[in-house]
Amino acid sequence: GVTGVIASSVQLPDIVRLMAAPLVSGNVVILVPSPQSSLITAHLAQVVSVSDIPAGVVNVMYGDPATLGLAMSQHPVIAGLWYPHTLQGCDKVQAEAFTTGKRVWFDETSDVGRAVKRCMFNKTVIMPAGNSFAN
């Protein structure tokens, strides 16, 4: 699945932690950093680009987090959205996400295990049916 992450924190460990849960769950991440952390996030994007993470798995979008969060909540491909409750527009994001059937989390939990379990709901598993396997 695809998970949008709106990061309100300006600290690098917090941004990495928010990205880690969807990544280890097998999701693609679209990260929208806060305007104050755009330089830190640009350096993080460079590190990701030379790492073993395949291209296109971590995507960074710069802009107004509230506007991009609302756009992500309306997008049909994005299955889940981390949206900080401190940003304005939480009610709009929640209403739009409800119409598209996606999950929205408003807290930035420090419990990584709980965050990974939440992101597991975004995975789509396709099981073969019928005579897919030949003996």
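Which elements do the buried residues of α2 pack against? In this predicted model, those buried residues pack against α1 (12-24), β2 (28-32) and β3 (58-60).

**Helix α2**
- Helix α2 covers residues 38-49, 12 residues in total, and from its first C-alpha to its last it reaches 16 Å, which is close to the 16 Å expected at 1.5 Å a residue.
- The buried residues T41, L44 and V48 belong to this helix, and because they fall within an arc of 55° when seen down the axis of α2, they line one face of the helix.
- An α-helix has 3.6 residues a turn, so residues three or four places apart point the same way.
- L39, Q46 and S49, by contrast, are exposed and lie on the other side of α2.

**A nonpolar surface patch**
- L12, V16 and I40 together make a nonpolar surface patch of about 200 Å².

**The loop at P76**
- P76 is placed in the loop that runs between α3 (65-74) and β4 (78-82), and P76 counts as exposed because its relative accessibility is 70%, where the cut-off for that class is over 50%.
- Although P76 and T99 are 23 residues apart in sequence, their C-alpha atoms are 9.8 Å apart in space.

Conventions: Residues are numbered from 1 along each chain as its sequence is written. This is a predicted model: local features need pLDDT of at least 70, side-chain atom pairs count only at pLDDT 80 or more; totals for chains, interfaces and linings use all residues. Side-chain values use heavy atoms; hydrogens and water are left out. Helices (H or I, at least four residues) and strands (E, at least two) are DSSP runs, numbered from the N terminus. The expected span of a helix is 1.5 Å times one less than its number of residues. Buried means under 20% relative accessible area, exposed over 50%, partly exposed in between (1.4 Å probe, protein chains only). The arc is that of the directions from the helix axis to the C-beta atoms. Contact means heavy atoms within 4.5 Å. Patches are made of residues with over 30% relative accessible area and no salt bridge: like charges are joined within 9 Å, nonpolar side chains (Val, Leu, Ile, Met, Phe, Trp, Tyr) within 5 Å. Accessible areas come from the Shrake-Rupley method with a 1.4 Å probe; for residues, only the protein chains shown count as cover. A salt bridge is a side-chain nitrogen of Lys or Arg within 4 Å of a carboxyl oxygen of Asp or Glu.
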